[in-house]
Amino acid sequence: MPLKFTLGQATETGPRTRNEDFCGAVTPAAETLSAKGALFAVADGVSGGAGGREAAELTVRGLLSDYYATPDTWEVTAALDKVIEPLNRWVVAQGSANRDLAGMASTLSVLVLRGTRYILGHVGDTRIYRLRGNDMTLLTVDHVWDRPDMRHVLKRAIGLDAHVAMDYSEGATETGDVFLLVSDGIWEPLGDLGIHQTLLLHREFPQRIAEELVRKALAAGGQDNATAMVVGVEELPGEDLGDLLAEGRQLRPPPRKMAPGMILDDFEIVEILHESRATLVYLARHLTTEQQAVIKTLQPILTDDPVSCNGLLQEEWLAKRVVAHYFPQVLPCPARSMLYYAMTWHKGESLEQKLTRGHYFTAVETAGIGIRLLKGLGALHRLNILHRDIKPDNLHLGDDDRLRILDMGVAVTFGMGHEPLTTNAGTPSYLAPELFSNGTPSVASDLYSAGVTLYHLLTRHYPHGEIEPFQHPRFGDPIPPTRYRPDLPGWLENILLKACARDPEARFETAEEFLLALERGEHQPVLPPPRMPLAQRNPLLLWQAIAALSLITNLLLIFLIVVS
Amino acid sequence: MDRSFWKAGHTPTLFSAFLYFDLSFMVWVLLGPLAVQIAADLQLTPAQKGLMVATPVLAGALLRVVMGVLVDHLQPKKAGLVGQVIVMAALLAAWLFGISSYQQALLLGIGLGFAGASFAVALPLASRWYPPQHQGAAMGIAGAGNSGTVFAALFAPTLAVWYGWNSVFGLALIPLAIAFVVYAIFAKDAPDSPPPKTLQQYAAVLKDKDAWWFMFFYSVTFGGFVGLAQSLTIYFNDQYGLSAVVAGYFTAACVFAGSVMRPLGGFIADRIGGIRTLLIMYTLAALFIFGVSFAPESRWIALVVFMAAMLSLGAGNGAVFQLVPQRFRKEIGVMTGMVGMAGGIGGFYLASSLGYAKQLTGSYQIGFMVFAGLAILALLGLHGVKTRWRTTWGSSAVTSAKI
């Protein structure tokens, strides 16, 4: 079931000549609602001359349309910030270029309802209230000077400065919550008490609340434009994203393992490409278009496992959003009757297969692979997606000489507001050290895996030794790759050591930084990692060792005294 | 261990489970240290001796399943009470009526098998009280009851010399009765228990090839451990002419080495990896057992080599149980039962095969050699599956399942 709410809004010019308030909302349906949420915004334009209205309207309209153009995988606050920043610059630019519009600015209060959470963005002196039970809470802080004569002078607003600092906050929504977005034309004359009374009186009818607030504010002698927007939450969606992804249908994986020649909806199975404990991957041919495709589905034994089924749907959802030639692309399969998804097929082999065949990776070739890998990884990270299982087995070198990153099976995005299903998935030898001590996956841990992958291609060893499942190793400094491959140039060794460092702080911060280091190569080499003395790395161990040593020495001396 | 552990579960239950488990394991292997004296009185052949000490092991392995079912249907506490009553009844009968034939000794062995099956009761009883993060510690404390095997080897032969071996059964009743009372008063079933395991669950787990591998691996490590614990007294007595009492001390040293090493093996596996640990331990165990099969001249050398073998087998036990709960996160209850049973069967095989080897060839060598061969087979099997296990098992998260 989707999120359900009712919206009420009202605005009046009041005694002024122009209404410089502007409010707007987007209430999408179905998948967009669950991915991006519903957006409500109120803005109050200010200006020396004209232009206040323009600033407010421009900001809200721009926000409403551009927010929904950001990738679904971005976190709400990141998406809002990315959209509001250029809007602000635009308003500033208009204000300075156009004499009529000089000094135009606008406040902005945004509410996003997504899933079971609400997210607020706020700048200026419009306000957002929340009524929960019988308590009303003011959720925003007015950005005005705290001096009696300057109560109306904004400290922060859209269009005031080249850089705008928004306040963001978020919390859990509850059924029955009423959110109220108001301009100062309402909260000033009515005060919190008046607003609270109106909310309680008409809590079931948002439209009536909005109208009453505006009417009362003007009746109480309000001198400003009065705008109110009221959102009543009626029903929260289930926590389960899978319900929505399945488009309301209960898709099940094929009940049996498919043999070549068998038909699956529009596809004919050609061969089994890969089989693991949970998944089955087939090469298939489309019956009418002859297009070859890779079909990924679950093992028949997992038919009744909702977690795995939802996992595959989430994987498809993510893979669909990654449009870049570093990844196989998801093909639409409108006629599917079972749980699977189709991707483009590319001839070639994985780097692991190359390793097994005994392929010798030269330093130059590996650096080239690294550059392409990091471009792909960078694209993924810009979408706020973590791959979590980068390893030679999941890197595919096509016959078209393109590198593709496969298997989004354990990829996560924190933008969806969901905790990842499996907390610590991946392949142990490629997992970053911090993940063994209950760290959370991050960009840094993905880059670590990329570093280990390159290291392994070159040396066929691992920087911290091969790690087994369920092992909790102690990590030291990575072993220099030149121990296994003395022919490696120093700049490449330094890059690998930096990428595989134990401490996430010591690694590359972003895929782009790593990429740049590889591209520049020896022209601007990365410095070798500093040797950290034991006293700094583990002072306790050092002192314990010294104490133990001294104890032994003393015991020996006592022994000598006794025997002599 | 932090203070929150003691607040988390039910400490009286934990300790009565430990006591119950410890003493049960003590009587489970009681026949081994006494075998020298019993065999002398009943005039048993080496093969009969071997089978007599092997019977409780086999019975324990099979009864473990029965006790598992009882635990599911009666709750652990009642199941434990039933088990203890049966064991005490068997000992009481042996003490009062005496054991005058080989068949009666075997019958007692089956009764003692219920003591060996206490594993299936004590661990769930204790562990169900504890939240996931404290499960490891709780199982460790309850599982330390393995040490009971040492007491049997240490005291039984001496008591038999003082009072006659038949009285040992009566004497064993004293600590058992105390443990029974403590258990009856202090042990309490955890408020929530997992649903009973069905036959389908067992069948489903057995479809997984890895389950069979684990059963095989454990049948070598635990089988070696318990098989040697049962047979060493006979061996030291037979091969080196040690008196029953001294042979008991020698055995106790070996068993002690093995049971101390078990938690250490788990720790090592955690650090360097379970598969790697098992590879090392199988190699060492095969080497030592193969070496000792040539019956070194000096009894002291034999003792040291046996202790070394027991150390590696004990570490192997720990390593297997570092892997099993994580690999079979959901099916852990079923898997512990199956793997434990396989271990018992391995022990039965080793103990009885040593007896038969002696009877048929006049020396124990072939029995030890075949067992060393089994360890090498496990080594090869592990080599075969290690790449697959290392690459496809994935995550290193901790288990939260309950037994």
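Reader: How many of the ten residues of helix 12 (residues 490–499) of chain A are buried?
Author: In this predicted model, helix 12 of chain A is mostly covered. Its buried residues include Trp491(A), Glu493(A), Asn494(A) and Ala499(A). The number buried, out of ten, is eight.

Reader: Which helices do the buried residues of helix 12 of chain A pack against?
Author: The buried set includes Leu492(A), Ile495(A), Leu496(A) and Leu497(A). Their packing partners belong to chain A. These are helix 9 (363–382), helix 11 (443–459) and helix 13 (511–520).

Reader: Where is Arg460(A), and what is its phi?
Author: Arg460(A) is found in the loop between helix 11 and helix 12 of chain A. Because its relative accessible area is 39%, Arg460(A) counts as partly exposed. Arg460(A) is not a glycine, yet its phi is positive, at about 60°.

Reader: Which loop holds Glu290(A), and what is its phi?
Author: The loop of Glu290(A) runs between strand 14 (279–286) and strand 15 (292–298) of chain A. Glu290(A) is partly exposed, with a relative accessible area of 47%. Glu290(A) is a residue other than glycine with a positive phi, near 65°.

Reader: Which cysteine sulfur is nearest to that of Cys333(A), and how far away is it?
Author: The structure holds zero disulfides over all chains, and a disulfide would need two cysteine sulfur atoms within 2.5 Å. Cys333(A) is buried, with a relative accessible area of 14%. The nearest cysteine sulfur is that of Cys309(A), at 15 Å.

Reader: Is Cys500(A) buried or exposed?
Author: Burial requires under 20% relative accessible area. The value for Cys500(A) is 1%, so this residue is buried.

Reader: What separates the C-alpha atoms of Pro157(B) and Ala247(B)?
Author: Pro157(B) lies in helix 9 (residues 148–163) of chain B and is buried because its relative accessibility is 0%. Beyond four places in sequence, its contacts include Pro33(B), Leu34(B), Ala244(B), Val245(B) and Gly248(B). Ala247(B) is 90 residues away along the chain, and the C-alpha separation is 8.5 Å.

Reader: Which residues does Phe348(B) touch, not counting residues up to four places away in sequence?
Author: Phe348(B) is in helix 16 (residues 332–361) of chain B. At a relative accessible area of 22%, Phe348(B) is partly exposed, since buried means under 20%. The residues touched are Leu51(B), Ala54(B), Thr55(B), Val57(B) and Leu58(B).

Reader: What area do chain A and chain B bury between them?
Author: The size of an interface is often given as the accessible area lost when the parts come together. Here 20 residues of chain A are in contact with 23 residues of chain B. Carbon and sulfur atoms carry 45% of the buried area, which is about 1900 Å².

Reader: How many residue pairs are in polar contact across the interface of chain A and chain B?
Author: Zero salt bridges are found across this interface. Polar contacts are counted for pairs with both residues at pLDDT 80 or more, and the number of residue pairs is eight.

Technical notes:
Residues are numbered from 1 along each chain as its sequence is written. Chains are lettered from A and ligands numbered from 1 in the order in which they are written. This is a predicted model: local features need pLDDT of at least 70, side-chain atom pairs count only at pLDDT 80 or more; totals for chains, interfaces and linings use all residues. Side-chain values use heavy atoms; hydrogens and water are left out. Buried means under 20% relative accessible area, exposed over 50%, partly exposed in between (1.4 Å probe, protein chains only). Contact means heavy atoms within 4.5 Å. Buried area is the accessible area (1.4 Å probe) that two parts lose on being put together, summed over both. A salt bridge is a side-chain nitrogen of Lys or Arg within 4 Å of a carboxyl oxygen of Asp or Glu. A polar contact is a pair of N or O atoms within 3.5 Å; within protein, one must be able to donate a hydrogen and the other to accept it, and residues adjacent in sequence count only if both atoms are side-chain atoms. Helices (H or I, at least four residues) and strands (E, at least two) are DSSP runs, numbered from the N terminus.
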